[in-house]
Protein chains: 2
Amino acid sequence: MREVAALAGVSVKTVSRVVNQEAGVSSAVRERVSSAVSRLDYRPNLAASNLRRAGARTGLIGALVQDLSNSFSAGVLRALEDTARAHRTGVLATSLDEGVERERELVHDLVTRRVDGLVIMPASTRHDYLVSELRTGTPAVFVDRPPRGVDADSVVVDNASGARSGTEHLLARGHRRIAGLFHLTQIVTVQHRIDGFRSAHEAFGLVPDPRLVVTDISSAEEATRVVDRLLALDDPPTAIFAARNLLATGAVRSLAQHGLRRSVALVGFDDFPLADLLDPPLTVVRQDVARIGRTVGELIFQRIDGDTSPPRHVVIEPTLVVRGSGEIRPTA
Amino acid sequence: MREVAALAGVSVKTVSRVVNQEAGVSSAVRERVSSAVSRLDYRPNLAASNLRRAGARTGLIGALVQDLSNSFSAGVLRALEDTARAHRTGVLATSLDEGVERERELVHDLVTRRVDGLVIMPASTRHDYLVSELRTGTPAVFVDRPPRGVDADSVVVDNASGARSGTEHLLARGHRRIAGLFHLTQIVTVQHRIDGFRSAHEAFGLVPDPRLVVTDISSAEEATRVVDRLLALDDPPTAIFAARNLLATGAVRSLAQHGLRRSVALVGFDDFPLADLLDPPLTVVRQDVARIGRTVGELIFQRIDGDTSPPRHVVIEPTLVVRGSGEIRPTA
DNA sequence: TGTGACCGTGACATCGTTGTCAGAACCGGG
DNA sequence: CCCGGTTCTGACAACGATGTCACGGTCACA
């Protein structure tokens, strides 16, 4: 900046005025400064500017998601990004891979970076550690999983209701032996999905066979092996409820290997690209990722703009998308 | 920081020493300062610190990708993110959606933010505008599409060779009327894929029927309509080469609607999750996204660490993944 | 006891920028 | 020609941190 000032023969303050398009600079001087700026490839230092300006923003929000390459995370992030762009803000996104310790470190790091807001798809189950972080004034919004131990906005889907409707869909078609595939039980949303799975059974006066309820499956490959095993039972399931997108794809792989894709019903939780192109097309409980991402964006920017009303907890209802795989009748 | 110093009864410089774990502070003082830090929830201001420190890094790299929610972009980004984490660096990712103007603005913005490096999956075809941006010393690496008008590292796949091997795969199985679906011709990689498609034909002493070569298709929906139209021709294609993941899925939708998934052969360019679960499973030319992302990460961090050797252009060979859809024989 | 080395600490300048305020130059009106 | 009011410009301090250097105190040793 000093160099620009020297080249243009003015003070640094005048350069600052020109760069920030402040009024009250003669056009002759403005011209000289502008040409000096471009001749020297001068770029104002945003950090220094933010330092000096009162209550300036960094124009950055931090987003901690489960896994960038998972279509759910990516979809939410994409919608969030679009909202952020409208507010001239960048998104600093990181995958957590269910790493609890990593979550803590990253939050600390992001707060230290002075991001304007945090969007957290948490790996941890207790978020007390956030209290001191948020005292610094950084607003946070939780996505997909609700906050515990700290008061913050959240956007989640009604997991119990989604799992319930998916399961009831199978029960209503006569299935009585339904396998339930679930992710890590320590995750609250997974617990809710299990609850929904059970309450659907109760509504039909049934109790799920414990051998058919498998939890803590964390990859598609593991889901495939689990289904392989279930299909080998004396009385195998006639339908499968896979409570997460990766588990559904794992289940499809197993069914395909056994040539049972058209005989065993399957309902998944989470829609994903191409689910409609499978054969049979996959019936799923869909979470509207774009809407979730947009809602998160709206909440966080309201907070950034100074909204201090009590935390809001937005619950988005998932919808059942009927495509074929969930309508297969039980084999006698 | 002043408050911490006051509370601990020391100077700010000593607080700085403790925070940065510098040697030469008595443990008593260190103790007092640490407790003051946690009592006040003090967080050092990274921006101010960077301002003072000579040649400090922001610990940020900017990544401009085509579309975060596309599995190709997301996969590359995920691998890049992992590399960046190893270097204690965050990734500021943005979708370009083929927006040329947006690319320019974002690059300018990121350079102004003083990111340590830029990773660009460019929307534009000429990158002269980068010359002045890069003069500031920010290194850049191009992904997926090569730089033109500026000297910078790049990581691309051999598009011509990939398209050629995919097309030859179909020709070798007796197909003579092969439809080619391509994205925007202004994109260099698309031109190369077209070249590969043609040269495969030449190798068989053939010339593609111009009516079967459709370019500038930019969405899955449009691809579906195009295939609908091609199938309605008097002499419809017996095989389809879809030179991008979205175009392949669009093609599958059309084939499905016409009940032709098992009669018309299909080879796609770009692998994606679940391609193996389609029926028939999709034969594709696969780009190793993880390897691309890792390579990009290695290049950019070498530059950040001061490597000033001439630009390197890494070409990654795509591989043909045979699954079924590409092995369908032509119908008589 | 004096001396030099070393240790712990703080004062001050500085990074690049902008808010504040004051001064210089110019204008029109009396 | 003087005066008050604009208009334009610059000097200076400050944002939050750290590099430099100098200071006072301990300690070992001559």
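**Two chains and the contact between them**

Let me begin with the contact between the chains, which takes 46 residues from chain B and 46 residues from chain A, where contact means heavy atoms within 4.5 Å. Before I go on, please keep in mind that this is a predicted model, in which local features need pLDDT of at least 70 and side-chain atom pairs count only at pLDDT 80 or more, while totals for chains, interfaces and linings use all residues. Residues are numbered from 1 along each chain as its sequence is written, chains are lettered from A and ligands numbered from 1 in the order in which they are written, and side-chain values use heavy atoms, with hydrogens and water left out.

Between them, chain B and chain A bury about 4200 Å², of which 54% is on carbon and sulfur atoms; buried area here is the accessible area, taken with a 1.4 Å probe, that two parts lose on being put together, summed over both. The rule finds 10 salt bridges across this interface, a salt bridge being a side-chain nitrogen of Lys or Arg within 4 Å of a carboxyl oxygen of Asp or Glu. B:Asp97, for instance, forms a salt bridge with A:Arg78, and their closest N and O atoms are 2.6 Å apart.

Which elements give two or more residues to the side of chain B that touches chain A? They are helix 4 (46-52), helix 5 (71-86), strand 2 (90-95), helix 6 (100-112), helix 7 (130-134) and helix 11 (245-257) of chain B, where helices (H or I, at least four residues) and strands (E, at least two) are DSSP runs numbered from the N terminus. The largest share, 6 residues, comes from strand 2 of chain B. By class, this side of chain B has 18 nonpolar, 12 polar and 16 charged residues, with Ala, Val, Leu, Ile, Met, Phe, Trp, Tyr, Cys and Pro counted as nonpolar, Asp, Glu, Lys and Arg as charged, and the others, Gly among them, as polar.

Turning to the inside of chain B, helix 2 (residues 12-19) and helix 3 (residues 27-40) pack at an angle of about 90°, with their axes 10 Å apart; the axes are lines fitted to C-alpha atoms, for helices over the stretch in contact, and angles run from 0 to 180 degrees between N-to-C directions. Helix 2 and helix 3 of chain B are therefore roughly perpendicular to each other, a label used for angles of 65 to 115 degrees, whereas those under 35 count as roughly parallel, those over 145 as roughly antiparallel and the rest as oblique. B:Thr14, B:Val15 and B:Val18 of helix 2 meet B:Val29, B:Arg30, B:Val33 and B:Ser34 of helix 3 in this contact, and these residues divide into 4 nonpolar, 2 polar and 1 charged.

Over all chains the structure holds 54 salt bridges. One that I would point out joins A:Arg85 to A:Asp82, with the closest N and O atoms 3.1 Å apart; both residues lie in helix 5 (residues 71-86) of chain A, 3 residues apart, about one turn of the helix.

Finally, some backbone details. Most residues other than glycine have a negative phi, and most peptide bonds are trans. In chain A, a cis peptide bond joins A:Asp279 and A:Pro280, with omega about 0°, and A:Pro280 has its place in the loop between strand 9 (265-269) and strand 10 (283-286) of chain A. In chain B, the peptide bond from B:Asp279 to B:Pro280 is cis, with omega near 0°. B:Asp41, although not a glycine, has a positive phi of about 55°, and B:Asp41 is found in the loop between helix 3 and helix 4 of chain B.
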